[in-house]
Amino acid sequence: MLSAAFVTARHGGVVRGTLLQKYGITRRMRADEVRVGALQRVRPGVFAVPEANVHLVEAARHGGALTCAHALRLHGVWCLYDEGPVHVWLGGRGRAHHDECECVGHYDAGRAGVGLAPLEEVLVHVYRCGGDEAFFAALESSLTQRLISEAARRRIRSRLPARAHWLVDLARSDADSGLESLLRLRLHVHGIRLDCQVTIPTVGRVDFVVDDRLILEADGKGNHAGSVHRHRDLVRDAAASALGYETLRFDYAQIVHAWPTVEAAVIAAVVRLRERG
């Protein structure tokens, strides 16, 4: 016979009692598992296993499903901003079950349930909470990993205000990281077109090429650290220079926290190379 803890774990760690009932797990059985510590009662009618993600549990305690930054990370999607307080999708008719907390409620239509909100829903909330850049980077990360379909992409677009439709239209499915997404989006508003994931003979694949002359590389937090990676980058940059390319390489801290310096460097390089013809 299935245990409540087993079923709960297989459904993400947090469930409603009504789901457990579908598996023949009675209230008495649930109470027995709560008593021995195999299951915990989050609030009336909602249960979690002890090892459940603390943010999922907090969202369920508040009254709904986890969304926004914490949810993006659980879905495996790149997230621009720090996680901060728990954001909870409460559905169109949901209600909060505790008030003395820092939880942020989202009352979008639909049945929220408990646990992890669907990625499609999370992305809509991220646009409203995090803005253009956070949404765009998360959307491209989702597309690259094939976590959402083209149909879902169209539904997301239809739920955003008209002023945000261009973000969905611009998004691609070949970004290696959120840093690449940010770089492309921010330079797009300057009218600078980037060719993405370009393979150059003797160099290899590079993140971006501008005007067939300028290579842009976005190095993530964990990438290109250490002497081996550094040496490989230097070899690639030298090979690119021999072919007439100029290379600009930026890391996470520069792109996220010191964008004006990155912006100035790229624009200056583009102007300089165009003036040379």
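How many disulfides does a search of the whole structure find? This is a predicted model, and the search returns zero disulfides. To look at one of the cysteines, select cysteine 101 together with cysteine 103: the sulfur of cysteine 103 is the nearest cysteine sulfur to that of cysteine 101, yet the distance is 3.7 Å and cysteine 101 is in no disulfide. The cut-off for a disulfide is a pair of sulfur atoms within 2.5 Å.

Turn now to the charged side chains, where the whole structure holds 20 salt bridges. Select glutamate 133 and arginine 186, whose side chains meet in a salt bridge with an N to O distance of 2.8 Å. This pair links distant parts of the chain, since glutamate 133 belongs to helix 6 (residues 119–144) and arginine 186 to helix 9 (residues 178–188), 53 residues apart. Is each partner buried or exposed, or something in between? Glutamate 133 is partly exposed, at 27% relative accessibility, while arginine 186 is buried, at 11%.

Next, select aspartate 169 and arginine 157, which form a salt bridge whose closest N and O atoms are 2.9 Å apart. Here the link runs between helix 8 (residues 165–170), which carries aspartate 169, and helix 7 (residues 150–159), which carries arginine 157, the two residues being 12 apart. Aspartate 169 is partly exposed with a relative accessibility of 48%, and arginine 157 is also partly exposed, with 29%.

A further pair to select is aspartate 211 and arginine 274, joined by a salt bridge of 2.5 Å from N to O. Aspartate 211 sits in the loop between strand 9 (204–210) and strand 10 (214–219), and arginine 274 in helix 12 (residues 259–276), so this contact ties together parts that are 63 residues apart in sequence. Aspartate 211 is partly exposed at 38%, as is arginine 274 at 48%.

To see salt bridges joined into a network, select Asp108, Glu121, Arg128 and Arg159, which are linked in this way.

For the last stop, select Leu2, Phe6 and Tyr23, which make a nonpolar surface patch of about 270 Å². Within this group, phenylalanine 6 has its place in helix 1 (residues 4–10), and its relative accessibility of 38% makes phenylalanine 6 partly exposed.

Terms used
Residues are numbered from 1 along each chain as its sequence is written. This is a predicted model: local features need pLDDT of at least 70, side-chain atom pairs count only at pLDDT 80 or more; totals for chains, interfaces and linings use all residues. Side-chain values use heavy atoms; hydrogens and water are left out. Patches are made of residues with over 30% relative accessible area and no salt bridge: like charges are joined within 9 Å, nonpolar side chains (Val, Leu, Ile, Met, Phe, Trp, Tyr) within 5 Å. Accessible areas come from the Shrake-Rupley method with a 1.4 Å probe; for residues, only the protein chains shown count as cover. A salt bridge is a side-chain nitrogen of Lys or Arg within 4 Å of a carboxyl oxygen of Asp or Glu. Helices (H or I, at least four residues) and strands (E, at least two) are DSSP runs, numbered from the N terminus. Buried means under 20% relative accessible area, exposed over 50%, partly exposed in between (1.4 Å probe, protein chains only).
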